[in-house]
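This briefing covers one protein chain, topic by topic. The sequence and structure come first.

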Amino acid sequence: MTGDVRGNDVGTSEGMVLCARGPRFAMLVQGILHSGSLMPNQLLHVLVVDDNRDNADIVRSYLDATREFVVSVAYDGDEAIDRFREGRPDLVLLDVMMPGKDGWEVCRTIKADPEHAARTRVIMVTARDELADKRTALQSGADDFLEKPLDLSKLLGTIRRNAAALPARKVESASRKPGASDATPGSAAAPETNA
């Protein structure tokens, strides 16, 4: 398929879906996921956490467009912890300055999870470019650090570098699904285990 894909248009090229929005797309993705044609467990699940909805939505749209990730979003620290527990993302892009639980506290909570901490990379994102912030990020357990304003190509490179550092994942037989309140079509999350 050539040309622009806009609105709710859906097209394919060499088996790849070219549109990420609209109800027809959501139905198509669900059909692909359930048919096994697309391996959702091979896509990385990225949780974007930012209290600025515009920033979070820009990052989500950019990552969605790459077709390399399933993306979910949280807009505050408490929601981020809930999304982490529900979806077990591979990577977390975590804003530092948020009301309530800040990014440092969220990072410490994620990294304190004995079962999933080693399988989740946390990238702290902040407007504050200070050595003390980088030190605090590392002390909180963060794996990497990005400065705002985000350069989207640098963001993608940082995500890919951190993805390469993730431990190998087993191929799962069940499709990964996001938390019930996450409306991203095709988003995925690892199945819960009984502990």
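Leaving aside residues up to four places away in sequence, Leu63 touches Val46, Val48, Phe69, Val71, Leu93, Leu156 and Ile159. The model is a predicted one. Leu63 sits in helix α2, and it counts as buried because its relative accessibility is 0%, where the limit for buried is under 20%.

**Overall make-up**

- The protein has six helices and seven strands.
- Starting at the N terminus, the order of elements is β-β-α-β-α-β-α-β-α-β-α-β-α.
- The protein has 195 residues, of which 43% count as buried.
- Among contacts with a separation of 6 or more, 61% are between residues 24 or more positions apart.

**Nonpolar cores**

- The largest nonpolar core holds 20 residues, and those with the most contacts inside it are Val46, Val48, Leu63, Phe69, Leu91, Leu93 and Ile159.
- Two or more residues of this core come from each of β3 (44-49), α2 (53-66), β4 (69-74), β5 (91-95), β6 (121-126) and α6 (152-164).
- Helix α6 gives the largest share of this core, four residues.
- Which residues does Ile159 contact, leaving aside its neighbours within four places in sequence? They are Leu63, Phe69, Leu91, Leu93 and Ile123.
- There is also a second, separate core of 19 residues, which includes Leu47, Trp104, Cys107 and Phe145.

**Helices α2 and α6**

- The axes of α2 and α6 come within 11 Å and cross at roughly 60°.
- The crossing of α2 with α6 is right-handed.
- On the α2 side the contact uses Val59, Tyr62, Leu63 and Thr66, and on the α6 side Leu152, Ser153, Leu155, Leu156 and Ile159.
- Sorted by class, this contact of α2 with α6 has seven nonpolar residues, two polar residues and no charged residues.
- Leu63 and Leu155 are 92 residues apart along the chain, while their C-alpha atoms are separated by 9.5 Å.

- Is Tyr62 buried or partly exposed? It is partly exposed because its relative accessible area is 23%, which is not under the 20% limit for buried and not over the 50% limit for exposed.
- Not counting residues up to four places away in sequence, Tyr62 touches Leu152, Ser153, Leu155 and Leu156.
- Tyr62 and Leu155 lie 93 residues apart in sequence, and their C-alpha atoms are 9.9 Å apart in space.

**Helices α3 and α4**

- Helix α3 (residues 77-87) and helix α4 (residues 103-111) have axes that come within 9 Å and cross at roughly 20°.
- Angles under 35 degrees count as roughly parallel, so α3 and α4 are roughly parallel to each other.
- The crossing of α3 and α4 is right-handed.
- Gly77, Ala80, Ile81, Phe84 and Arg85 of α3 make the contact with Val106, Thr109 and Ile110 of α4.
- By class, the contact of α3 with α4 has five nonpolar, two polar and one charged residues.

**Backbone features in loops**

- The peptide bond from Lys148 to Pro149 is cis, with omega near -5°.
- Pro149 is placed in the loop between β7 (144-147) and α6.
- Arg67 is not a glycine, yet it has a positive phi of about 65°.
- The loop that holds Arg67 runs between α2 and β4.
- With a relative accessible area of 25%, Arg67 is partly exposed.
- Arg88 has a phi near 45°, a positive value in a residue other than glycine.
- Arg88 lies in the loop between α3 and β5.
- Is Arg88 buried or exposed? Arg88 counts as buried because its relative accessible area is 16%, and the limit is under 20%.

Definitions and conventions
Residues numbered from 1 in each chain as written. Predicted model: local features only at pLDDT ≥ 70, side-chain atom pairs only at ≥ 80, totals over all residues. Heavy atoms only, no water. Core = buried A, V, L, I, M, F, W, Y, C linked by side-chain atoms within 4.5 Å. Buried < 20%, exposed > 50% of the residue type's maximum accessible area, 1.4 Å probe, protein only. Contact = heavy atoms within 4.5 Å. Axes fitted to C-alpha atoms, helices over the stretch in contact; angles between N-to-C directions. Parallel < 35°, antiparallel > 145°, perpendicular 65-115°, else oblique. Left-handed = near helix turned anticlockwise from the far one by under 90°. Nonpolar A, V, L, I, M, F, W, Y, C, P; charged D, E, K, R; others polar.
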